[in-house]
Amino acid sequence: MKFLKYLKPYRIYALLAPLFMLGEVTVDLLQPKLMSAIVDDGVLKYDLRVILHTGILMMLLILVGGACGVLSSVFSGCASQGFSRDLRSDVFSKVMRLSFQQTDKFTTGSLVTRLTADITAIQQMVDFALRMFVRDSIMFVGGIFMMLSMNVRFGLALAVAMPIEIVVVIFIMKRANPLYTEVAKRLDTVNSVMQENVSGSRVVKACVREDHESARFDVANTDLMSANLKVQKLVAILQPLLMIVMNMSVIAVIWIGGRQVDAEEMKVGQVMAAVTYLTRILMGIMMLSMMFQTVSRASASAKRIAEVLGTEPVISDGRGAAGCSGKGSVSFRGVTFSYPGSSGDPVVCGIDLDIAPGENIAILGATGSGKSSLVDLIPRFYDTDEGEVLVDGVNVRDYALDDLRGRIGIVLQKSELFSQTAAENIRWGNKNADEEEVRLAAETAQADEFIMTMPEGYDTLIAEKGASLSGGQKQRMSIARAVIKKPEIIIFDDSTSALDLGTEAKLQRALRENLSGTTVITIAQRIASVKNCDRIAVLDHGRLVACAAHQELLDTCGIYQEIYRSQVRTSGGED
Amino acid sequence: MPPVPSLDPKAQRGPGGKNAARVNMEKPQNGKQTLKKLIRYIGGSRYLFFTLIGVMLAITVLNLAAPMIQQIAIDRMTITGERLEVDFPGLIKALACLAGVYAALSLFTYLQGLFSAKLSQITVKTIRRDLFEKLVRLPIKYFDTHRHGDLMSRMTNDVENISTTVSQSIGSLISGVLTVIGSVVIMLTYSPLLTLICLSTIVLTVIVSGIMTKFMRKFFLEQQILLGKLNGHVEEYVTGYHTVAAYSKERDAIAEFNDTSDKLRICGIKAQICGGMMGPMMNCISNFGFVLIAAFGGWFAIKGMITVGTIQAFILYSKQFSRPINEIANQYANIQTAIAGAERIFEVMESEREKDEGKADFKAENVKGDISFKDVKFSYVEGKPVLKGLDLEVKRGQKIAIVGATGSGKTTIVNLLTRFYEIDGGSITVDGIDLYDIPKNELRKSIAIVLQDTVLFSGTIGENISYGREDADISEIKAAAEKAYADEFIRRLPDGYDTVLAEGGSNLSQGQRQLLSIARAALADPGILILDEATSSVDTRTEMHIQSAMVALMKNRTSLIIAHRLSTIRDADKIVVIDGGKVVEEGSHEELLARQGCYYRLYQTQFAGNKT
């Protein structure tokens, strides 16, 4: 187990827990023996003093044992909870440092599961191992020892019963495990049908497919039930089978005991003690079989977590180039890029482009022409395959990531907001911004107006992922977040698509006024949004086709003319 | 814009949707009612249920009998004369009897496992089925005003809880109670005095376990809340990872995470200590009981009031029932949780389903497409009217574009025409028939809508295109895809039309997803077509290509187009401008420009940049 190092800081606890458990188990094991003494020497001999003495001794032992048990759970709690906290922190830090291509590969959903369910599974196993495993193994070995120490002949019952129990457990678990996987898979299907119907309810209704969806769900539901039944039927055999083996050996022990008593080799109380030991040994086997299930589940989880921990971020800090005073220039030199693991043509191919400080440049092109991919290379969300990207004259790979990204404000296509207040969300761009600055940024982004209509204005809590806001409102919030950062370079990645015409025009004007001196890179669909830019770069299938001002492109660039015509074709109010 | 009633998020949740839903133990609001309903579900397989009870009864009796016979067997060795003697024939008889009891016990235990698995699976399957049946018939309003995550958790966690409860808790509760009663009865027949002494330790057990569970519940509750917070944090920051990276917020995220994580650790330790103390303490008490029984029993035996066998029987029985008492306490908490979950499930099941009172003879394939809105009033939230007396006349085959500022109520018109929402006043007719007289299914079949947010279902591309018309064959699907300019990119996918979509089509771009939903509408071939920002994510050049396809698609059918790109709406037969919940202007593009009114101003703002 490579996670053992996470237990190291808690090794004292991790050692004390089983140690105290040993105390508890020892008391547990002594107890039937004392009990038999009470019966044989006290009750049968009508000696009240023996009963009282042994009874008091037993009580004391039990108290000690109980204290040991409590302490053991205290220590194992400290160890396992500390262990899981440290592991969780490490995994989360790792996830936060991964590069986009790596999070893409893991998929966010699976990362969330790994960080939550998987870690809990491992934690449970650690706790289990520190206490239950120790307890059951000692009980098992100690029980056998105690039993044989009373009479070796009892070994006969054990020798028959134990192998049978073990074989039964292994046989059934082996068959049940793949069935459990099957159940999990089918449960997934059921859940995903539900999810689709919850989020796609409009389409289901619009297409009048309620019956179809019900039928689809019925199939998934029935599949799940039959898988569940199959595994439960199988597991239902386990307990009765183990029970009968156990109980039959109890009968054998009583029989053997009876003959021993008859031969005056043993006392009656000892026979009873032997029965108790036997029950504990065989129960131990059952517990151990549960233990194996926990371990196998945890080891699957451990594998998934190790996978995350073992992934080294592909994009890491550069040498930390000295702060250059370029003030916002961006250059692409022969840049080619394709998404890691994808085949086919690169999404961005041989791009050369120099953007001067303070320039206002737009990027236009069809869906899939590589616009977003191109700008993602500037803050090093991805690294180029060939060529280099320079910011302020320095290769982006040479910057420390924080330094690089600190120079750039990017408004993503998908606005991601967090469950904090509106003001806190905007302050993402600048932790230290005061209220006035927050408000100013919101005004620039045309967000002030709607924020003020919310119940508590800037202190209104934004629901998870901004669910309480409309698409346009989310976009304006995230623009405000970028504006407040006052970066050298600001990138708008098609981030006004949900705004209506009037609002967008106002936004454009405000941005022009407030962002003077900042390099602005705008990805847009509408020519109207970008027409006033100093230059417009036209991309087509990952290549730079042209880059010039609006009028020049209209005169020289065929693709641009085509886009233009598609938008202002028969415009009456044009020119 | 989808209608997002601007309530604060807390109010949007259903009344039962407390966020602390996944806590260890909760009190249901109206437990009795819910329990009754739940029992009705279980009662669906009543024979199975009663058989199960019978089996459990048998198990309890056998469980109680076994120690008694064991005792008889051991008593065969304790016949006292001068020395210990063993009555072998008696011993053999007792052991044979014991073997029979044990065999029967195993058999019945197996049957119990079998029956309770069956019962719980059937019950849960039925609940799931009914819940889903209800789900697809709920009005859209329900989905718009309830958190999807909350709905999902009702259908997954809550149902799962019921399943475990039916299969495990109910069984152990019943057999626990039976065992306790049985043990007490048997003990009483042996010796009432010793029973009293024995019961005193039980009182102790109940008190201690009561106190302990109270503490445990408190810590577990806290632990669940912290865990929920932690998971929420992970979910949020991992899905919003691009933004986190863009703003170099990794360190803050980690710090916040570690903070919660550490609180969880401390709380977890407390909870674990509480939980870990339970076992040893119960052990202590039951052993204390044993000493009491041995001491008093011995004294009584010396006085000749009872036999040694009785003492041993007492020891066994007192063990027999301290275990179920623990269990009953545990199961009680589980059952409460399950009932609270069931309550939330029934709340969904009992919400009103979509009304469909339409009886008119209206067939989707014969729809002509005359639509009329007369003085329609509507509000999502009471007191905040969205439409204030809207009049709109659409003749068959007309192409109508609806424009207006965000929030002016464009999408609302679509919501009302498809009866996703019900109007508050006025009337809507299709082909002269009141909307409320048309069977809902026929109404919706006659309308195809392409929405702003494209919804794709798990399955292949081909299945998704034919979602609006199941019976379509592959050539029809291909033809529709070609019309929507989707054919080209589909054919470039690894398996073409048979490509399976990952996670709701996340492997497709927004634009491609929209093309698919346009293809879906093309294949459905309805009398009325609604395009609600259908091409907002397609770039304008691709859109231009689709445009001609859309022109063909809109031919001979009534079309409503909602768009904020003027290029998409210029060619409409009639442009309707909505403002403040009413139609303020209508006419053709040229007419409206000439009028220099609302439309003119909207138009100007889009091309404001062009002017200078």
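Biologist: How close do the axes of helix 5 and helix 8 of chain A come, and at what angle do they cross?

Modeller: A word of caution first: this is a predicted model. Now to the pair.

Helix 5 of chain A covers residues 154–199, and helix 8 of chain A covers residues 268–309. Their axes come within 11 Å. They cross at roughly 20°. Angles under 35 degrees count as roughly parallel. Helix 5 and helix 8 of chain A are therefore roughly parallel to each other. The crossing is right-handed.

Which residues make the contact? From helix 5 of chain A come A:Phe154, A:Ala157, A:Ala161, A:Glu165, A:Ile166, A:Val169, A:Met173 and A:Asn177. Helix 8 of chain A supplies A:Ala274, A:Leu278, A:Leu282, A:Ile285, A:Ser289, A:Phe292, A:Gln293 and A:Ser296. By class, this contact has eleven nonpolar residues, four polar and one charged.

Now take another pair in chain A. Helix 1 of chain A spans residues 11–43, and helix 2 of chain A spans residues 48–97. Their axes lie 7 Å apart, and the packing angle is about 160°. Angles over 145 degrees count as roughly antiparallel. So helix 1 and helix 2 of chain A are roughly antiparallel to each other. This crossing is left-handed. The contact between helix 1 and helix 2 of chain A holds 24 nonpolar residues, nine polar and three charged.

Next, the domains. Chain A is divided into two parts: domain 1 is 1–135 + 301–311, and domain 2 is 330–568. The centres of these two domains of chain A, taken over C-alpha atoms, are separated by 52 Å.

Chain A also has paired strands. Strand 1 of chain A (residues 330–337) runs antiparallel to strand 4 of chain A (residues 386–391), and five bridges join them. In one of the pairings, A:Phe332 has A:Val389 of strand 4 as its bridge partner. Strand 4 of chain A also pairs with strand 5 of chain A (residues 394–395), in the antiparallel sense, over two bridges. There, A:Val391 is partnered by A:Val394. Strand 4 and strand 5 of chain A form a hairpin with two residues between the strands. In this hairpin A:Asp392 takes a positive phi near 50°.

Turn to chain B. Here an open sheet of four strands has the order 2-1-4-5, with antiparallel pairing. Its edge strands are strand 2 (384–394) and strand 5 (433–434) of chain B, each pairing on one side only. Strand 1 of chain B (residues 371–381) is joined to strand 2 of chain B by eight bridges. Among the pairings, B:Ile371 has B:Val394 of strand 2 as its partner. Helix 11 of chain B (residues 410–417) packs on the sheet, touching strand 1, strand 2 and strand 4 (425–430) of chain B. The direction of helix 11 makes about 105° with that of strand 1 of chain B.

Last, the two chains together. How many residues does each chain give to the contact? Chain B gives 130 residues and chain A gives 128 residues. On the side of chain B that touches chain A, helix 9 of chain B (residues 250–302) brings the largest share, 29 residues. That side of chain B divides into 66 nonpolar residues, 43 polar and 21 charged.

Technical notes
Residues are numbered from 1 along each chain as its sequence is written. Chains are lettered from A and ligands numbered from 1 in the order in which they are written. This is a predicted model: local features need pLDDT of at least 70, side-chain atom pairs count only at pLDDT 80 or more; totals for chains, interfaces and linings use all residues. Two residues are in contact if their C-beta atoms, placed from the backbone, lie within 7 Å. Ala, Val, Leu, Ile, Met, Phe, Trp, Tyr, Cys and Pro count as nonpolar, Asp, Glu, Lys and Arg as charged, and the others, Gly among them, as polar. Domain bounds come from an automatic or database domain assignment. Two strands pair if DSSP finds at least two bridges between them. Axes are lines fitted to C-alpha atoms, for helices over the stretch in contact, and angles run from 0 to 180 degrees between N-to-C directions. Angles under 35 degrees count as roughly parallel, over 145 as roughly antiparallel, 65 to 115 as roughly perpendicular and the rest as oblique. A crossing is left-handed if the near helix is turned anticlockwise from the far one by less than a right angle, and right-handed if clockwise.
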